[in-house]
Amino acid sequence: MITGLTIPSPYYLSLITEFAPRPITNDLELSITQERINIILDQKNLSQDDRDYINVLGMLVYDYEEKNEQFPKLTDGEFYKH
């Protein structure tokens, strides 16, 4: 038996039912996920459920960007110039 896990609130369950967190596999999914994050962030008072959900979506965005974003390699001089 697993202990220590809290039972999700009905609100949190509604968040993940409306837009289920899934690994991001392309730029369209990335854009849609970022838009979902922005919609929640535009609310005035974020609940802990909102913050937890944004955290999960943010991890998915981060994972996708780490695997797919190609940053140019800069020399030390170019790096310090910028």
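**Figure 1. Salt bridges in the predicted model.** A search through the whole of this predicted structure turns up 2 salt bridges. Opposite charges on side chains can pair up when the charged atoms get close to each other. One of the bridges is E18 with R36, and D63 with K67 makes another. The next two views take them in turn.

**Figure 2. E18 and R36, a bridge from helix 1 to helix 2.** Here E18 pairs with R36, and the closest N and O atoms sit 3.2 Å apart. The bridge ties together distant parts of the chain, with E18 in helix 1 and R36 in helix 2, 18 residues apart. Which partner is buried? R36 counts as buried because its relative accessible area, 11%, is under the 20% cut-off. E18 is exposed, at 60% relative accessible area.

Figure 3. D63 and K67 form a salt bridge whose closest N and O atoms are 3.2 Å apart. They are 4 residues apart in helix 3, so about one helical turn separates them. D63 is partly exposed, with a relative accessible area of 36%, while K67 counts as exposed at 58%.

Figure 4. Look for D49 in helix 3, which covers residues 48-68. What does this buried residue have for a charge partner? D49 has no salt bridge, and the nearest side chain of opposite charge, R51, is 8.9 Å away. A salt bridge needs the nitrogen and the carboxyl oxygen within 4 Å, so at 8.9 Å R51 does not qualify as a partner for D49. Setting aside neighbours within four places in sequence, D49 is in contact with S9, Y11, Y12 and L15.

**Figure 5. R51, in helix 3.** R51 also belongs to helix 3. It is partly exposed, with a relative accessible area of 41%. Going from R51 to L41 takes you 10 residues along the sequence and 8.9 Å through space, C-alpha to C-alpha.

**Figure 6. Y12 and Y53, the aromatic pair.** The structure holds 1 aromatic pair. How are the rings of Y12 and Y53 arranged? Their centres are 6.3 Å apart and their planes stand at 90 degrees, so this is an edge-to-face pair. Once again distant parts of the chain are linked: Y12 is in helix 1 and Y53 in helix 3, 41 residues apart.

**Figure 7. The largest nonpolar core.** This core has 12 residues: Y12, L15, I24, L30, I37, I40, Y53, I54, L57, L60, V61 and Y64. The elements that supply two or more residues are helix 1 (10-18), helix 2 (27-41) and helix 3. Which helix gives the most? That would be helix 3, with 6 residues.

**Figure 8. I37 and what it touches.** Not counting residues up to four places away in sequence, I37 touches I54, L57, G58 and V61.

Figure 9. T33 has its place in helix 2. Is it buried or exposed? At 6% relative accessibility, T33 counts as buried. Leaving out neighbours within four places in sequence, T33 is in contact with F19, I24, L57 and V61. For V61, the C-alpha to C-alpha separation from T33 is 7.5 Å, even though the two are 28 residues apart along the chain.

**Figure 10. The whole chain, for orientation.** Stepping back, the chain has 4 helices and 0 strands, which reads α-α-α-α along the sequence. Of its 82 residues, 20% are buried. Among contacts with a separation of 6 or more, 64% are between residues 24 or more positions apart. The accessible surface comes to about 6900 Å², with 56% of that belonging to carbon and sulfur atoms.

Terms used. Residues numbered from 1 in each chain as written. Predicted model: local features only at pLDDT ≥ 70, side-chain atom pairs only at ≥ 80, totals over all residues. Heavy atoms only, no water. Buried < 20%, exposed > 50% of the residue type's maximum accessible area, 1.4 Å probe, protein only. Lys, Arg positive; Asp, Glu negative; His and termini not counted. Contact = heavy atoms within 4.5 Å. Areas by Shrake-Rupley, 256 points an atom, 1.4 Å probe, with all protein chains shown as cover. Core = buried A, V, L, I, M, F, W, Y, C linked by side-chain atoms within 4.5 Å. Phe/Tyr/Trp six-rings, centres within 6.5 Å; stacked < 30°, edge-to-face > 60°.
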